[in-house]
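Keep the structure open while reading.

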Amino acid sequence: MECRAVVSSLSDYLDGRNIWASDDEVERIETHLTNCPTCLNLKLELSEIKNAARELPVHTPPLALWARISKAIEAEVPSENGPARETQNASGWWGWLNSRKFTFSLPQLAAAGAFVAILIVAGISGIFGANQAPLNFQDVRSGLLLPEENEIKANLEHRLDAINARKAQWDSQRRADFEQHMNKIDESLKLCRHMLEGNPNDAGHQEMVRALYDEKRRLLEDVERLKW
Amino acid sequence: MTTDGTNNVASNSLSDYELAQASARGDMQAFETIYKRHHRRVYSLCLRMVANATEAEDLTQEVFIQLFRKIGSFRGESAFTTWLHRLTVNHVLMHFRKRGVRLEKTTEEGEIGEIQDFLQAGAERPRFVDRIALDKAISELPPGYRTVFVLHDVEGFEHEEVANMLGVSVGTSKSQLHKARMRLRQLLNKKTDTKKETKK
């Protein structure tokens, strides 16, 4: 039996699935392995990998994950039509934003394109922004993404100052997790800023910015509630 | 949803089935105990399948929210861990489908690079496989190989189950697994060689 044939059959041989093979064939593989140190070494290597795969290290997600899960569930439990829907929508936006950078498939892009076209045709931006002062290009360039952004920022910065004062006492993992989340939100805000520079009254991106600030607020609330 | 120490002690002594029943009645402390027992395994499974910590975290969150919704349907006919792992795998596969991730194309007869490389270079003396290095190497596998390897070798699903979950033939599942193991061997050997060169 040639090495090539033995190599191709090694995984099945290792898994003990030799039903496909006659006793003769199994015997031929074993004879080959006895006489061919190279194939025998490969068999041992693959066997090591197979065995090690059952004892891989277990990973731990960030501590704040349970807070996020329980909050999402809590929002679902009282009513299917009340606050739950609001939270789910925000989380949907956030999930969508998280995956946006690298997970768009062609059908999704097509759907997104269609959505944008509908927004334009229906003039929904007017509806979204009807009760708020419109933004202009200068506002966006000067750092303002939403008419109400200054108030939101002031509130978040106040909370963040208090958390930053305690951060030195956190362990490095917790600090890294927290900063990773904050950075991710800030990066997405930066992207939205870029989009809004092109069109300051783009209602879709304004909604995204609101959802991002909401996500930031929830993260800070989690930290406060956990008394970190 | 803060935890009460006393109730937690009581929850900890309950079986997964009892906790699942309590969770189905809306007992969040019971559900928190389930989370504490299983979150690391669920997160590790998600992380190994998607090879991206942020995505794995989001998927873990979605899995537990889905678990809470479905927990009433757990009847204790199988082990809770098996049931939860199946739920997790299905959720991650659904995520792949949404993203349009496909298994690598394989031909039953086709020669693959790893086998060709082996036939040219041969095998070295087998060495102890460092679990951490293997974990890292798994994340470097192409998605299709990685999925089959994680489901079969890490999670212990049979080829028939893997094939069923992925919508491929048993032959394809076996072939992907073999290629995954060969590629892992190659990746692990490369890492060892790089280490040796760095030491020099």
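The chains meet through 42 residues of chain B and 38 residues of chain A. The model is predicted.

**Chain B side of the interface**
- Six elements of chain B are listed as giving two or more residues to the side that touches chain A: helix 3 (28–50), helix 4 (53–70), helix 6 (113–121), helix 7 (131–139), helix 8 (143–154) and helix 10 (170–199).
- Helix 3 of chain B gives the most, with 9 residues.
- By class, this side of chain B has 19 nonpolar, 14 charged and 9 polar residues.

**Helix 1 against helix 3 in chain A**
- Helix 1 (residues 3–14) and helix 3 (residues 37–53) of chain A pack with their axes 10 Å apart, at an angle of about 25°.
- That angle makes the two helices of chain A roughly parallel, because angles under 35 degrees count as such.
- Their crossing is right-handed.
- From helix 1 of chain A, the contact uses A:Cys3, A:Val6, A:Val7, A:Leu10, A:Ser11 and A:Leu14.
- Helix 3 of chain A meets them with A:Thr38, A:Cys39, A:Leu42, A:Lys43, A:Leu46, A:Ser47 and A:Lys50.
- The residues of this contact divide into 8 nonpolar, 3 polar and 2 charged.

**Helix 3 of chain A**
- Its 17 residues should span 24 Å at 1.5 Å a residue. The end C-alpha atoms of helix 3 of chain A are 24 Å apart, which agrees.
- The buried residues of helix 3 of chain A include A:Cys39, A:Leu42, A:Lys43 and A:Leu46, and these four also meet helix 1 of chain A.
- Also buried in helix 3 of chain A are A:Glu45, A:Ile49, A:Ala52 and A:Ala53.

Conventions
Residues are numbered from 1 along each chain as its sequence is written. Chains are lettered from A and ligands numbered from 1 in the order in which they are written. This is a predicted model: local features need pLDDT of at least 70, side-chain atom pairs count only at pLDDT 80 or more; totals for chains, interfaces and linings use all residues. Axes are lines fitted to C-alpha atoms, for helices over the stretch in contact, and angles run from 0 to 180 degrees between N-to-C directions. Angles under 35 degrees count as roughly parallel, over 145 as roughly antiparallel, 65 to 115 as roughly perpendicular and the rest as oblique. A crossing is left-handed if the near helix is turned anticlockwise from the far one by less than a right angle, and right-handed if clockwise. Two residues are in contact if their C-beta atoms, placed from the backbone, lie within 7 Å. Ala, Val, Leu, Ile, Met, Phe, Trp, Tyr, Cys and Pro count as nonpolar, Asp, Glu, Lys and Arg as charged, and the others, Gly among them, as polar. The expected span of a helix is 1.5 Å times one less than its number of residues. A residue is buried if 20 or more other C-beta atoms lie within 10 Å of its own, exposed if 12 or fewer, and partly exposed in between; C-beta atoms are placed from the backbone.
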